[in-house]
Amino acid sequence: MTVRIFKYEEGEYALKYTSPNLGGYPDAIAVGDLDNDGHKELAVGILTGSTSDNKVIIYDCSIINSWVEEYSQISGVGIHSFVAADCDGDGALELFGASGGASSGITVFEYVGGSYQTTFTRTPIEVNDLFVK
């Protein structure tokens, strides 16, 4: 499977980027300025059928109409949904990935010091867990 990125221009969607074969299928996406550079990034959670090969990929579009795979990490768990939000109040978006099933959990990705990093992981999520600042 691949990720294809389209842009709406002149009344229709035009294909702008097609990724190489990802070895799995996209199951979660989020769009936001994750590295605080004024341009949006696209985060994609890839499920491969093997928990040891599931991935998180972040595509950057800092040059107009030029998408680049900026970050790729084997996640170990399948990310089924993403939310991008500034939860720590620093002005930059964090990327929250949620996984389900037997390995349910939350993973937080942040752009820190010029690169993406996993800054928090909690597996499994318990009924009484509450995350507040």
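Buried means under 20% relative accessible area, exposed means over 50%, and partly exposed lies in between (1.4 Å probe, protein chains only). By that scale lysine 16 is partly exposed, at 27% relative accessibility.

The model is predicted: local features need pLDDT of at least 70, side-chain atom pairs count only at pLDDT 80 or more, and totals for chains, interfaces and linings use all residues. Residues are numbered from 1 along each chain as its sequence is written, and side-chain values use heavy atoms, with hydrogens and water left out.

**Overall fold**

The protein has ten strands and zero helices. Helices (H or I, at least four residues) and strands (E, at least two) are DSSP runs, numbered from the N terminus. Along the sequence the pattern reads β-β-β-β-β-β-β-β-β-β. Of the 133 residues, 33% are buried. A contact is a pair with heavy atoms within 4.5 Å. Among contacts with a separation of 6 or more, 29% join residues 24 or more positions apart. The protein exposes about 7600 Å², and carbon and sulfur atoms supply 54% of that area. Accessible areas come from the Shrake-Rupley method with a 1.4 Å probe; for residues, only the protein chains shown count as cover.

**Cores**

A nonpolar core is a set of buried Ala, Val, Leu, Ile, Met, Phe, Trp, Tyr and Cys residues joined through side-chain atoms within 4.5 Å. The largest has 13 residues, and Ile58, Phe82 and Leu95 touch the most other members. Strands β3 (25-32), β5 (55-63) and β7 (79-85) each give two or more residues to this core. A second, separate core holds eleven residues, including Val44, Ile46, Tyr59 and Trp67.

Phenylalanine 82 has contacts beyond four places in sequence with residues including Ala28, Ile29, Val44, Val56, Leu95 and Phe109.

Glycine 32 sits in strand β3. Glycine 32 is buried, with a relative accessible area of 6%. Its C-alpha atom is 6.6 Å from that of alanine 84, 52 residues apart along the chain. Beyond four places in sequence, glycine 32 touches Lys40, Glu41 and Leu93.

Aspartate 35 lies in the loop between β3 and β4 (41-47). Aspartate 35 is buried yet has no salt bridge; the nearest side chain of opposite charge, lysine 40, is 12 Å away. Lys and Arg count as positive and Asp and Glu as negative, while His and the chain ends are not counted. Leaving out neighbours within four places, aspartate 35 contacts Glu41, Asp60, Glu70, Tyr111 and Tyr116.

**Salt bridge and surface patch**

A salt bridge needs a side-chain nitrogen of Lys or Arg within 4 Å of a carboxyl oxygen of Asp or Glu. The count is one. Lysine 16 and glutamate 9 form a salt bridge, at 2.9 Å from N to O.

Phe6, Tyr8, Tyr13 and Leu15 make a nonpolar surface patch of about 480 Å². Patches are made of residues with over 30% relative accessible area and no salt bridge; like charges are joined within 9 Å, and nonpolar side chains (Val, Leu, Ile, Met, Phe, Trp, Tyr) within 5 Å. Strands β1 (4-9) and β2 (12-18) each supply at least two residues of the patch. Leucine 15 belongs to β2.

The table lists accessibility values.

| Residue | Relative accessible area | Class |
|---|---|---|
| Glycine 32 | 6% | buried |
| Lysine 16 | 27% | partly exposed |
| Glutamate 9 | 28% | partly exposed |
| Leucine 15 | 44% | partly exposed |
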